[in-house]
Amino acid sequence: MKRLLSLCLLVILLIGCKSRKQDNYENRNIKVDFMLPTTPIKDQGASSSCWIYGMLATIETEHLVQGDSVNLSADYVIRMYLREQAMQRLYGKHKFGNKDIGTRGMMPMTIDLINTYGLQHEDAFHRDEHTNYNVIARKLSQLTNGISDFTLKDIDDYLDKSIACSPKQVFMYGAIYTPQEFAHSVCSDNEYTPITSFMHHPFNERFPLEVPDNKYHSTYLNVPLDKMMRLIEESLHHHHPVCWEGDVSEKGFNWQEGIADIDASDLPITPEKRQKAFEHHTTTDDHVMAIIGMGHDAKGKKYFLCKNSWGKSNRYGGFIFLSYDYVKYKTIALMVKI
């Protein structure tokens, strides 16, 4: 962990020494208060599979904190998700209605998928660099439209050819597991609780969050806003990462500079303001990341440190700081251990 933190800080220092265009982010030197260990930064490419990458990154960090090293394959989960959709269209059991196959989803769906289909290590199953999941999804939609004589074997053969052949076993520390056994050893189906905070449902009750990507109709525990923010900080201080899902379409979200903040005119953040933004679709369900640490700037302003899945192309080598107020305002949902 110390070595990783040192490397991250070195990257930040080296990149910070480069000449950059002056902007209102230039003087925001953020000090890392603590950072939980992570696996290497990954890149989801053009797919809309951040909900898989973010949830697996959260699970990975949880195990690294415990001294157990795992590096999980997002590609395996994506393959199984595409296969499930294709199979349901093929046999006329449309869980998502008769819609085209895609890669969009939400955090709890990752848990459902790995508990159903299992997991693989990143080294054992990963896509070719030229793999395009959007193309694969479109092709599967065409092949399972009820007109062709495509079969389940054809689906598997196509996915083998387009992504990679799926291993039937998991080899780890001299032991052999099925993908399902491995998944259950990594994360149980009730280990994480989906959390949200909105006013159109009673607090302390669960409801299916009304966003298009909630395709499994997952239910979320609705809590007051202050409690939601407290859960994030308490989890991190107890060395548990948090999976965050929220809006990254705001002008204050600057990936290249590695920071997200809101305008002072939006303060203070209230439950009513959050609710209005959600109902008017100015807070949208855009992206998922793992919250793995905290920091503060020279004025004492708090930030959450997130591990992203867009590669290492930004100022902090793939990490980004979300201000406390940004998270308070623009969070759609969380996955936490409580």
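## Charges over rings

A charge is taken to sit over a ring if NZ of Lys or CZ of Arg is within 6 Å of the ring centre and within 35 degrees of the ring normal. In this predicted model, the charged end of R274 meets that description over the ring of F198, at 4.6 Å from the ring centre. K330 provides another case: its charged end sits over the ring of Y329, 4.4 Å from the centre.

## Aromatic pairs

A pair of aromatic rings is described by the distance of the centres and the angle of the planes. Searching the whole structure gives 9 aromatic pairs. One of them joins W51 and Y81, whose ring centres are 5.2 Å apart; the planes stand at 85 degrees, so the arrangement is edge-to-face. Because W51 belongs to helix α2 (residues 50–65) and Y81 to helix α3 (residues 74–90), this pair ties together parts that are 30 residues apart in sequence. W51 has 1% relative accessibility and counts as buried; Y81, also at 1%, counts as buried too.

Y76 and F125 form an edge-to-face pair, with 5.8 Å from centre to centre and 90 degrees between the planes. Y76 lies in helix α3, whereas F125 lies in the loop between α4 (107–117) and α5 (133–143), so the parts tied together here are 49 residues apart in sequence. Y76 is buried at a relative accessible area of 2%, and F125 is buried at 1% relative accessibility. Elsewhere, F253, W255, W310 and Y326 make up one aromatic cluster.

In soluble globular proteins, nonpolar side chains tend to be buried together. The largest nonpolar core in this model has 57 residues, and the members that touch the most others are I59, L82, L119, L140 and L209. Two or more residues come from each of α2, α3, α4, α5, α6 (152–162), β2 (170–172), α7 (179–186) and β13 (331–336). Helix α3 gives the largest share, 8 residues.

Apart from neighbours within four places in sequence, L82 is in contact with I101, G102, T103, Y133, I136, A137, L140 and I163.

β4 pairs with β13 in the antiparallel sense over 3 bridges, and within β13 the bridge partner of I195 is L334. With strand β6 (residues 219–222), β4 runs parallel and is joined by 2 bridges. In β6, L221 stands opposite I195.

Where is R83 found, and what does its side chain contact? R83 is in helix α3, and its side chain makes a polar contact of 2.6 Å with the side chain of D156. Buried means under 20% relative accessible area, so R83, at 17% relative accessibility, counts as buried.

Not counting residues up to four places away in sequence, R83 touches L152, I155, D156 and L159.

Technical notes
Residues numbered from 1 in each chain as written. Predicted model: local features only at pLDDT ≥ 70, side-chain atom pairs only at ≥ 80, totals over all residues. Heavy atoms only, no water. Phe/Tyr/Trp six-rings, centres within 6.5 Å; stacked < 30°, edge-to-face > 60°. Helix = DSSP H or I, 4+ residues; strand = E, 2+ residues; numbered from the N terminus. Buried < 20%, exposed > 50% of the residue type's maximum accessible area, 1.4 Å probe, protein only. Core = buried A, V, L, I, M, F, W, Y, C linked by side-chain atoms within 4.5 Å. Contact = heavy atoms within 4.5 Å. Pairing = 2+ DSSP bridges. Polar contact = N/O pair within 3.5 Å; in protein donor to acceptor, adjacent residues only side chain to side chain.
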